[in-house]
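Please open the structure in a viewer and keep the selection tool at hand.

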Amino acid sequence: MGRRLLRNPLAVAGGVIVLALFAAALLAPWLAPYDPSDFDAAHVLEGPSALHLLGTDGLGRDVLSRMLFGARVSLMVGFVSVGISSLVGVTLGAVAGYFRGVVDTVLMRFVDVMLTFPTFFLILAVIAYLDASIWNIMLVIGLTSWMGVCRLVRAEVLSLRERDFLVAAEALGMKPSRVILRHALPNALAPVFVAGILGVAGAILVESALSFLGIGVQPPQPSWGNILTEGKSTLGVAWWLSVCPGMAILITVLGYNLLGEGLRDVLDPRLRAR
Amino acid sequence: MLSYLAKRLAGFVPLLLGISFVSFLVMAMAPGTPVDLMTDLNPKASPEARERLEKYYGLDQPLYVQYGLWLGRIVRGDLGTSFSRDRRPVLDKIAEALPITLFLNVLDLTLILGLAIPIGIYSASHQYSFADRATTVFVFVGFAMPSFWVALLAMMLLGEQLGWLPISGLRSLDYDSMSLLGQAWDRVRHLILPVGIAALTGLAGLSRYMRSSMLEVLRQDYIQTARAKGLSERAVVYRHALRNALLPVVTILGLSIPGLIGGSVIAETIFAIPGMGRLFYTSVLMRDYPVVMGITLIGAVLTLFGNLLADLMYVAVDPRLRKR
Amino acid sequence: MRSGSGLAAVALALATCAAASSLVLLNGCGDAGRGRQAEPAQRAASESSPKAHEAEATPAYGDAIVFGTIGDGSTLIPMLASDSSSHEYAGYLFDGLLEYDKTLSHLEPRLAQSWEVSPDGLKITFHLRRDVHWTDGQPFTARDVQFAFDTIRDPKTMTAYAEDYKQVQSFELLGDHDFSVTYEKPFAPALASWNSLMVLPRHLLEGKDINETDFSQHPVGLGSHVFESWERNTRFTLRANPDYYRGRAHVEQVVYRVIPDESTQFLELKSGGLDMMGLTPLQFRRQTSSAAFDRDFRKYRYVSNSYTYMGYNLDNPLFQDVRVRRAFTYAINKQEIVDVVLFGLGQATEGPYRPGTAWLNKNLKPYGFDPAKARALLAEAGWRDSDGDGILDKDGKPFSFKILTNQGNDQRLKTATVIQKRLRDIGIDVAVRVVEWSAFINDFIDKRRFDVIVLGWSLSLDPDQYDIWHSSKTGYKQFNFVGFKNAEVDELLEKGRRTFDEAERRRIYDRLQEILVDEQPYTFLYVPDSLPIVASRFHGIEEAPAGISWNFPQWYVPKASQKYSITP
């Protein structure tokens with residue numbers, strides 16, 4: 001499977017991007033030339049130069065350093081919200097699929113209610129009311145995007161439910177949770193993983209949208225979304241303030257999407273070219 | 001069939017109740033009330049004035065009473081009056097914003113469909129070619145760009161620097177003095193940017209879906225048979241594969257009907273379009289409960305009907321699902 | 001070919017995006033990012049002097065002016081409106097009895113042509129103009145004033161502005177165009193309050209429920225302009241009132257376009273879609289100085305009516321020692337904040353009075369920027385760095401707290417960030433936190449759950465500061481939320497309200513400012529400049545302390561330069 005993936009150049013490109021960004025984010029404290037909150041009143045809004053490779057922002061802070069630390073924030077938002085949504089979705093989906101009956105109906109109705117809410121509006125409303133702290137943002141994004149995963153897992157578990165080996169396992173007295181965890185879930189995980197990768201990209205875009213509205217990760221803590229929003233108000237004057245975060249978001253989301261699509265192509269037997 | 005419909009429709013009621021209750025809870029938990037926004041930090045506003053205002057809006061009553069009152073009104077078809085100072089009926093406010101949003105979304109969807117289907121077909125029938133990869137990248141890049149960034153860049157380039165298109169709004173200032181043709185053209189010019197950008201960012205989903213659906217169909221045995229029979233590739237693709245490949249796309253369409261009434265807050269803010277997105281957002285910020293509840297309710301109703309329609313269409317279109 | 005092609009496609013796409021966006025941005029707006037610091041503020045001043053465009057044609061009627069607004073208004077009845085857009089719209093439709101003159105130093109007649117204050121300060125008698133009509137033809141009389149007065153005091157009216165009028169004991173009609181009001185106690189801010197009471201047409205509103213009437217969407221006024229149309233969240237239009245008692249406005253049509261995003265507004269301004277807007281300091285300095293701008297626009301700059309401050313929660317033991325508060329003020333470089341946050345377009349301030357007005361105490365001694373002195377004062381108060389971690393501590397506890405400010409205000413956020421750094425330089429650990437406005441007010445300010453806030457006040461033109469500094473105003477939702485209690489200040493505030501003698505009041509408020517400087521319940525930070533920009537085809541603009549809009553009815557566009565053909 002891995003080799004097949006490598007034959008897909010787009011997925012490879014995606015993977016390279018994902019890894020590179022991961023590395024940049026991890027190594028931020030060592031890679032960043034300046035402290036991201038260090039400001040310098042004498043060098044406000046200066047373009048890229050030898051001193052500041054990506055220029056400075058409205059308070060004279062080094063954009064490159066802020067971008068590197070912002071990468072941490074953006075990736076963290078992506079991963080934690082996907083983590084939350086995956087956890088919730090897998091659990092609820094497995095429970096619904098395994099126990100069926102009333103439990104399933106109730107859970108699926110709940111999924112329907114959640115799906116009927118325009119999620120972005122719900123995110124907006126909640127964040128606007130709560131503190132726009134990173135944790136709240138991650139929590140809200142996570143808690144509003146688990147439905148797809150839930151349905152996926154439920155479908156898988158449902159289809160596996162009938163399989164002989166599961167019936168046998170139960171007859172042998174294995175606990176339902178073990179049955180689910182050991183046998184049903186691993187098969188469902190592949191599409192969940194793909195959904196997770198795509199979810200990271202989505203979460204990063206949502207964070208930048210929230211920043212535009214002023215309720216994303218709050219400055220002075222840097223995030224790509226809020227650097228881009230500052231760039232928006234300095235458009236004609238400081239192109240680097242919007243091009244850098246804009247391109248970073250674009251590249252990251254693109255990378256994750258290409259990787260996710262590539263993985264999906266590989267994992268889904270129906271789509272392979274003969 | 002009828003009993004199926006009846007059952008589905010009956011299921012709407014608890015769902016709607018659930019949704020309205022959850023929204024009400026969210027609004028109620030929010031710090032601050034609409035009265036605060038009117039009187040905060042105004043040295044001239046006394047505590048008595050505040051109390052009077054709260055009583056006027058019924059905010060001094062316990063939550064369940066407020067919710068009950070709201071429900072009672074809804075059942076009679078009355079969506080209530082906005083809490084904002086204009087005291088206009090909620091229905092009026094929604095009726096102003098909804099047609100605009102609907103119109104834009106339908107245009108978007110049409111444009112996206114018009115582009116996504118051919119792209120998907122082409123990508124699928126030339127899988128792994130350079131063209132396939134290039135369009136994949138193109139489509140994903142469109143999706144990956146933060147929409148407000150692209151919108152602003154487009155406005156700067158096409159609007160300000162080149163002067164080809166108007167920057168924001170839906171009509172020019174001198175619209176009323178234009179000829180009928182002039183007016184139509186004015187509207188089109190104002191729509192190009194918002195619809196274009198929305199299409200650019202929305203193309204990815206549908207085109208990829210079309211592509212994978214097409215790919216799946218093209219692997220089927222009967223396609224091999226058609227090819228073996230000597231039919232041209234064109235006939236194979238367009239006459240046999242396409243029809244089947246379009247089935248799932250049709251259902252996706254059905255599922256996007258509820259999305260038609262939701263406006264993008266960001267696009268509407270940037271382009272100064274008075275649609276549902278902005279109405280919802282500003283009402284949320286102003287704690288204008290009646291409007292928020294009204295929009296949520298209408299949205300939920302349309303979503304439920306949209307899902308029902310999608311399910312019906314799916315059954316109608318896919319012969320495998322029809323009950324004998 | 002295959003593997004390379006995919007990667008190549010990605011790389012090509014990305015490079016194109018980066019290049020395209022950079023090009024668009026580099027192209028945008030003449031003097032992009034070249035760090036031009038020499039701002040021709042002098043040029044702006046001299047250009048806007050009357051002589052520069054005196055050579056122009058004679059005043060003409062016609063044309064339209066287009067403003068942008070972030071939010072739409074909600075009601076056109078001033079006493080019911082709480083948002084600034086509504087007030088701005090309604091301001092064209094109604095007038096008050098009197099108004100501050102362009103130098104902001106005294107009140108001049110509007111609907112009232114003269115008035116007298118009785119020697120004991122308890123009674124004010126107004127004589128109204130006899131030549132004013134509502135735009136439906138009905139004459140304006142003292143009964144309209146009485147109606148507005150009764151309405152605003154009516155408990156059923158949902159207004160937040162009744163306080164000033166509640167101080168009136170009785171209202172006496174003395175004729176069709178004269179009346180007097182008697183106060184229980186002499187109330188100096190009273191005169192100014194009659195500026196804000198926008199009179200209402202009794203003949204149209206008597207007997208109707210003011211809160212629900214359709215009048216709020218279709219009003220009849222007597223001001224410089226008449227309501228024309230209102231397309232919600234899109235456009236609000238007014239036409240000049242041909243019978244305006246101060247002379248017909250020259251600009252025939254006023255249009256407000258609702259454009260919620262500031263960047264979009266700026267783009268619209270640049271491409272001619274808007275005629276006037278308020279610039280941010282950055283826009284003023286760096287984005288509006290090209291040759292095209294100089295030709296098509298004129299920029300103005302005047303002291304605004306608000307100030308930004310850092311307030312300490314005086315119930316928090318950390319800030320109860322006045323030496324600590326003074327130390328912070330020494331530690332903060334106010335001029336640096338003005339330079340970095342406002343690009344120099346503002347001034348540092350030591351108190352709550354507007355520079356350029358008579359009420360500002362000119363003998364105040366500013367603290368100045370002196371970190372060494374700050375450290376010394378803190379040491380005196382018992383704060384030393386005993387564990388060498390760079391943060392001062394006392395009794396084992398480090399000096400650390402949070403600065404709160406509201407979301408959506410970039411200037412305040414930057415101010416707080418600069419302050420954070422300066423305080424860290426002297427060993428104080430500060431975190432900055434931004435909270436959504438309503439939550440900010442309800443959860444933090446009202447409940448007084450804050451350490452330090454960075455916020456602003458608008459300045460009223462009357463020097464009375466009772467609501468902000470009096471010790472009785474520390475209750476729930478009142479404005480002395482820092483908890484300042486000073487007996488001498490209380491006495492001064494009360495005396496200041498009760499006398500009409502200007503000289504006496506000046507002495508009182510000078511002393512108030514001295515105490516505030518001494519006690520530092522706030523560290524007063526700065527007064528920003530207002531930075532409007534107007535399309536150059538508008539003539540007749542005269543800069544004054546009141547700004548530039550004070551004589552809006554006299555603005556005109558010469559016939560030859562008129563852009564919109566609106567027949568008067």
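Select chain B to begin: of its 324 residues, 43% are buried, where buried denotes 20 or more other C-beta atoms within 10 Å of a residue's own, exposed 12 or fewer, and partly exposed in between, with C-beta atoms placed from the backbone. This is a predicted model, in which local features need pLDDT of at least 70 and side-chain atom pairs count only at pLDDT 80 or more, while totals for chains, interfaces and linings use all residues. Residues are numbered from 1 along each chain as its sequence is written, and chains are lettered from A and ligands numbered from 1 in the order in which they are written.

Now colour chain B by secondary structure. It shows 13 helices and 0 strands; helices (H or I, at least four residues) and strands (E, at least two) are DSSP runs, numbered from the N terminus.

Next, select helix α13 of chain C, residues 371-380. Which of its residues are buried? They are Ala374(C), Arg375(C), Leu377(C) and Leu378(C). These residues lie on the same side of α13(C) because they cover an arc of only 160° around the axis, the arc being that of the directions from the helix axis to the C-beta atoms. Turn to the face directed away from the buried side to find the exposed residues Ala372(C) and Glu380(C).

Finally, step just past α13(C) to Gly382(C), which has a positive phi of about 100°.
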